[in-house]
Amino acid sequence: MQLTNWYYKKHDSNTWVPSHDLDSPTTEIFVDLMHSGVIPDPFQEMNEKHLQWVGQVDWDYRSTFKTPRSSKKSLLRFEGLDTFATVRLNGTIILENENMFEEHLIDVSNYIKHDDYNNKLEITFYSAENKGHELLKESGKSEPPYAWNGDRTRVLIRKATYQYGWDWSPILISCGPYRKIDLIQFEDKWLDKRNVYFHTAFDNDLKCKFDIEIEQDDYNKDIEAIEVKVVDAEENIVCQSISKNGLTVNFNQKFKLWNPVGHGNPYMHRVIITVPSTGQIIEFPYGFRKAELVEEPVPGEDGTSFYFRINNIPVYISGVNWIPPNCFPTVKQDYPQTLQTIIDANMNMARVWGGGVYECDEFMSTCDKMGILVWHDFMFACGQYPADPKFRQTIENEARTQLKRLNKYCSIVAWVGNNEDYQLAESYNLQWDRNDNSGDYTNTNFPARTIYEVDLPSYVSKWTDNVPYHPGSPFSGGDHPTSDLLRGDLHQWNVWHGDERPYQDWDDLAGRFISEFGMLSYGSEKMYKKYCASDLHPQSEVIRMHNKASGGEDILLKYIVLNFRLGDMTLANMVFLSQVMQSDCIALAYKVFRRRWSNKRCGGCLVWQLNDCYPVSSWAVIDYLHIPKLAWYAIKRESEPLTLAINRKSLGRSEADQLRDADHKLDAWFENLEVWVANSTLETRKNLIVEIELYNVGSGTLHKKFSIQVDAAANDITELGDIKGLLNLENNKFIAKGKLLEDGKIIARTSDWPQPLKYVTFDYEATIELSWIDEEEHILGVSANRPVKSLQLSIPTEEDEEIVQFSDNGFDVFPGDLHPVKITSEGTPALVSFVVTKYL
């Protein structure tokens, strides 16, 4: 039974107020205060400024409940309390909690009452902000530990750090029973599902040794046997057995395998465990898969690889970073719908970032069903965390309860120790002797290294099913810096942060696995009209407040001005230009990173970030209203199973020009085109045709056209070499268009434009034509008489109307090529006359 019927009050008040939903098993203070009309929406306008008091006071929550029946044993499982809390049942303290991420199973048999009695559970939540300052004072230190983002005392507390403010998140420090509390009743024996362990070991032929083991506790120690049955998706019994000596069952056979999206079916079984003596049945959906993180020498290069191999097949990762989808974790989410955007964009991995929360069961089960691979950080981010005995013990408790909860989800293929804590150690010159492998670093000023390199890997080994562990992100191992391009994973922020390099430099910035990179942009105009309506100028104070990045407004304008002619400073134009800029940046990154899959020089990339938790200008490719930015469509195109890529390559300048300083170069760049085909399918695609068209950038007229036949190697990159002979176009200003055809059908498109585009003068007026390819299926055909860059389609809607979805957007259009776009909408007629176009 889940506890519901929550009421709340300020700790020094006597008036209990109903929570936002008395039928909900979870709640938290900001959501309840909004529902009661005590505070306005923190996301609206500049309300965040005036609501900081909420996180600085203590709050009480109360639930009353009757037991369904009398029983000898009664337990309460607390799946998550945020954060510092004293719990009383019928007036007796049963729990003191100090960790948002720790579960508790409390025997309340002596305190609970039956026979129609209203049991009263009361929880006092203490201000985490105040507690952090108290802990700093108790430490005797005048300065808090080093940390990036938010109140630095956050590193002393086991709480979601993004609530303290991040460069995409406001400061809204919440509290409450954010995960459910279950009442469990039984007589003598009970098998806790958390104490069931699965262990798989695969041989080279993927035959699986599958062991089911029960960890003994006070409630299952008298269970004599368990029956285990494995059932496939067609309800056939694959294998079954009963334990004979102890509570362990073993199988050794081949199973249908779970595969990541794009590499087969994410096939799920059910493992059904029965306790014969009590009749208790526990059921787990389960996917059999072999997961490896491969770090081995790269042929012909220094360093080592960093890629994932699933079921003996190397998998190139095209993925995203995932942050909590709302500032308040109890706000209901449509996980299938949101995670479908990963599938729809042809991506295959989500990284659960270490400054949020350990993801919920619905998120994980949806990833299992969809075939989305999950990289899961432990919850440490950008901080100098302690490692005293008390802190290490709470981390062990946290890891045990979270790993035991999550260890049946086959989609998890990596547990990673932290987010950017090693990078912070470098930045502040903490004591990090890379040659010290003793394992005890608790007497240094980088003590948490012991947690990341000793404690957490042992917990992953003990409480998961052979999931690879990586100490941190980024982390290169050995005596190599976290910025190493040839080892480990890399957070490549020299575009936007760091050196603020041009995004045209991505090819020089690639690493073995790029687990963070990105480009900030404005969200949709509709988002600002909803949350910043008081002043819609892009330089207004309210819109600036909805940009949490340090220097974000200035850096964003810099990247726009470096690449595009600014035109007017209306919000609509800045939204469009920033999204085109973000799209071009991300598209080029996905293109050149994927090219390095050949010889495993790059194992994949994870863009920062998929989603937002708040209406904000950010790096997300889908804004807070779930409206895809143009970059989402760019990722979708560049991550197709079969893609064609064109990249302009500079051959350098004349000898004389090389001697001149940067502001006095006179010669044009000599340029060739590099062309390649990426094929992530598991079969060679033969007799493909690559068609290349070169257009004069000034007139938009066709200059040259040719075709190449190619066989695209399976799960690899096929290089077509350089295309020379373009120097007869004035100043090398040409537009390159490419098409990939199979059996006469276009299966991929690509293009390459002169950079930066602000130097390009288009001496022509393009004409866009829209026509139905299939009106019944709402498939629109888009064509143009001249090359068009970044065509954006939209259908104006009122604020509360459904957002119209397009299958493609922000794409380039060329003469003679009818570009198909499917329109999806239930509430708005999908008529050509409603479609508005905008382009550079």
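Tutor: A residue counts as buried when its relative accessible area is under 20%, and as exposed when that area is over 50%. Please note as well that this is a predicted model.

Student: Why is N547 called buried?

Tutor: The relative accessible area of N547 is 6%, and the limit for a buried residue is under 20%; N547 is therefore buried. N547 is placed in the loop between helix 10 (541–545) and helix 11 (552–563).

Student: Which residues does N547 touch, leaving aside those up to four places away in sequence?

Tutor: N547 touches L520, G552, E553, V616 and S617. A contact here requires heavy atoms within 4.5 Å.

Student: What makes R289 buried?

Tutor: R289 has a relative accessibility of 6%, to be set against the cut-off of under 20%, so R289 counts as buried. R289 sits in the loop between strand 18 (280–286) and strand 19 (291–294). Not counting residues up to four places away in sequence, R289 touches F202, W258, N311, C410, I412, V413, D465 and V467.

Student: How far apart are R289 and F306 in sequence and in space?

Tutor: R289 and F306 are separated by 17 residues in sequence and by 19 Å from C-alpha to C-alpha.

Student: Two residues have a positive phi although neither is a glycine. Are E235 and N715 buried or exposed?

Tutor: E235, with a phi of about 70 degrees, has a relative accessible area of 51%; the threshold is over 50%, so E235 is exposed. N715, with a phi of about 50 degrees, has a relative accessible area of 13%, and because this is under 20%, N715 is buried. E235 lies in the loop between strand 14 (227–231) and strand 15 (237–242), while N715 is in the loop between strand 33 (702–712) and strand 34 (716–723).

Student: What makes helix 13 largely enclosed by the rest of the structure?

Tutor: Helix 13 covers residues 630–638, and eight of its nine residues are buried, so the helix is largely enclosed. The buried residues are L630, A631, W632, Y633, A634, I635, K636 and E638. L630 is also among the residues that Q792 touches.

Student: Where is Q792, and which other residues does Q792 touch?

Tutor: Q792 belongs to strand 39 (residues 788–794). Besides L630, Q792 touches F576, N809, G810, V836, T837 and K838, with residues up to four places away in sequence left out. V836 is 44 residues from Q792 along the chain, and the two C-alpha atoms are separated by 8.0 Å.

Student: What covers the buried residues of helix 4?

Tutor: In helix 4 (residues 361–370), the residues F363, M364, T366, C367, D368 and M370 are buried. The cover includes strand 22 (317–322), helix 3 (335–344), strand 23 (349–352), strand 24 (373–377), helix 5 (389–406) and strand 25 (412–416). Helix 4 is followed by G371, with a positive phi near 85 degrees.

Student: What does UniProt list for residues 6–179?

Tutor: The unreviewed UniProt entry lists these residues as "domain: Beta-mannosidase-like galactose-binding". In the model, the span is 11% helix and 29% strand, and its end C-alpha atoms lie 13 Å apart.

Methods: Residues numbered from 1 in each chain as written. Predicted model: local features only at pLDDT ≥ 70, side-chain atom pairs only at ≥ 80, totals over all residues. Heavy atoms only, no water. UniProt positions renumbered as here; feature names shortened; annotations may be inferred. Helix = DSSP H or I, 4+ residues; strand = E, 2+ residues; numbered from the N terminus. Buried < 20%, exposed > 50% of the residue type's maximum accessible area, 1.4 Å probe, protein only.
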